[in-house]
Amino acid sequence: MLDLPYTFELNAPGFVPTRYDNHIKRTLTSMKGQYHDISAYEAMLAEGDALLYEVYELARPHESGEVLHGISIVHPGKVGDEYYMTKGHFHTVLETAEIYVCLAGQGVMVMETPEGDWAVEALTPGRVLYVPPRWAHRSVNTGAADLITFFAYPGHAGHDYGTIEQQGFRKLMVERDGLPEIVDNPRWGKGG
Ligand code: 6PG
Ligand code: NI
């Protein structure tokens with residue numbers, strides 16, 4: 001079958017692609033063990049399984065040479081004092097990078113390597129982030145509106161969620177006196 005070039009639109013304000021193949025919805029239950037304030041998490045879950053973020057993917061073969069791409073929308077909110085965030089992951093093929101373009105909202109990308117290096121980069125409209133190979137990455141919405149990014153990464157990268165589910169990220173984003181603050185994850189390495 002001829003693999004034809006294709007186009008789609010990303011139109012403000014929502015930037016939902018005018019064509020997509022997968023629409024993933026991540027709710028509070030899918031983030032069990034990731035938020036540091038367990039009682040705040042449990043109390044929130046008792047109120048309902050809130051929708052935290054969504055991903056719209058354009059399906060391509062998971063092969064090197066292909067570039068997987070789509071839109072990630074992290075909704076605004078907090079669990080306790082910790083902002084809504086994505087699960088975060090290493091790529092199964094560690095030596096694979098990723099590019100993010102921020103289209104809307106305010107947030108940060110929390111990143112770390114297996115060796116313990118960490119970085120937090122701000123995401124604001126028009127900003128492009130290059131996530132080098134070996135860096136796990138998690139989008140965090142520190143604003144009052146949706147944090148929307150376009151992402152692209154190698155087709156054969158894969159997702160390793162297990163390592164993050166097990167040990168968490170070294171750094172967390174919490175709100176202190178109304179402002180985002182980077183803090184050490186008190187439960188890093190202790191099972192998320
Ligand atoms: C990827 C991208 C990106 C990511 C979403 C949702 O490798 O696919 O990093 O699309 O999947 O931002 O984040 P999680 O995959 O961590 O849930
Ligand atoms: Ni990724």
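Visitor: In which loop is arginine 134 found?
Guide: This is a predicted model. Phi of arginine 134 is near 80°, a positive value in a residue other than glycine. As for its place, arginine 134 sits in the loop between E9 and E10.

Visitor: Does arginine 134 count as buried, partly exposed or exposed?
Guide: Buried means under 20% relative accessible area, and exposed means over 50%. Arginine 134 has 26% relative accessibility, so this residue counts as partly exposed.

Visitor: Is phenylalanine 15 buried or exposed?
Guide: The cut-off for buried is under 20% relative accessible area. Phenylalanine 15 has 13% relative accessibility, so it counts as buried.

Visitor: Which core includes phenylalanine 15?
Guide: Start with the largest nonpolar core, which has 33 residues. Elements giving two or more residues to that core include helix H1 (38-47), strand E2 (51-58) and strand E7 (107-112). E7 gives the most, with 4 residues. Phe15, along with Ile71, Ala104 and Ile148, is included in a second, separate core of 6 residues.

Visitor: What is the omega of the peptide bond from alanine 12 to proline 13?
Guide: Proline 13 lies in the segment before strand E1 (22-27). Most peptide bonds are trans. The bond from alanine 12 to proline 13 is cis, with omega near 5°.

Visitor: Which residues of the largest nonpolar core touch the most other members?
Guide: This core has 33 residues. Leucine 129 is one of those asked for. Leaving aside residues up to four places away in sequence, its contacts include Ile99, Tyr100, Met109, Met111 and Leu123.

Visitor: What is the area of the nonpolar surface patch made by Ile99, Val128 and Tyr130?
Guide: Take valine 128, which lies in strand E9. At 55% relative accessibility, valine 128 counts as exposed, because the cut-off is over 50%. The patch that valine 128 makes with Ile99 and Tyr130 has an area of about 300 Å².

Visitor: Is histidine 91 buried or exposed?
Guide: Histidine 91 lies in the loop between strand E5 (82-83) and E6. Its relative accessible area is 4%. The cut-off is under 20%, so histidine 91 is buried.

Visitor: With which side chains does the side chain of histidine 91 make a polar contact?
Guide: Leaving aside neighbours within four places in sequence, histidine 91 is in contact with residues including Ala97, Glu98, Tyr153 and Asp160. Its side chain makes a polar contact at 3.1 Å with the side chain of threonine 96. Another, at 3.3 Å, is with the side chain of histidine 137.

Visitor: How many Å apart in space are histidine 62 and alanine 157, C-alpha to C-alpha?
Guide: Histidine 62 is placed in the loop between E2 and E3. At 61% relative accessibility, histidine 62 counts as exposed. In sequence, histidine 62 and alanine 157 are 95 residues apart. In space, C-alpha to C-alpha, the distance is 7.7 Å.

Visitor: Which residues does histidine 62 contact, leaving aside its neighbours within four places in sequence?
Guide: Histidine 62 lies in the loop between E2 and E3. With those neighbours set aside, histidine 62 is in contact with Leu68, Gly155 and His156.

Conventions. Residues are numbered from 1 along each chain as its sequence is written. Chains are lettered from A and ligands numbered from 1 in the order in which they are written. This is a predicted model: local features need pLDDT of at least 70, side-chain atom pairs count only at pLDDT 80 or more; totals for chains, interfaces and linings use all residues. Side-chain values use heavy atoms; hydrogens and water are left out. A nonpolar core is a set of buried Ala, Val, Leu, Ile, Met, Phe, Trp, Tyr and Cys residues joined through side-chain atoms within 4.5 Å. Buried means under 20% relative accessible area, exposed over 50%, partly exposed in between (1.4 Å probe, protein chains only). Contact means heavy atoms within 4.5 Å. Patches are made of residues with over 30% relative accessible area and no salt bridge: like charges are joined within 9 Å, nonpolar side chains (Val, Leu, Ile, Met, Phe, Trp, Tyr) within 5 Å. Accessible areas come from the Shrake-Rupley method with a 1.4 Å probe; for residues, only the protein chains shown count as cover. A salt bridge is a side-chain nitrogen of Lys or Arg within 4 Å of a carboxyl oxygen of Asp or Glu. A polar contact is a pair of N or O atoms within 3.5 Å; within protein, one must be able to donate a hydrogen and the other to accept it, and residues adjacent in sequence count only if both atoms are side-chain atoms.
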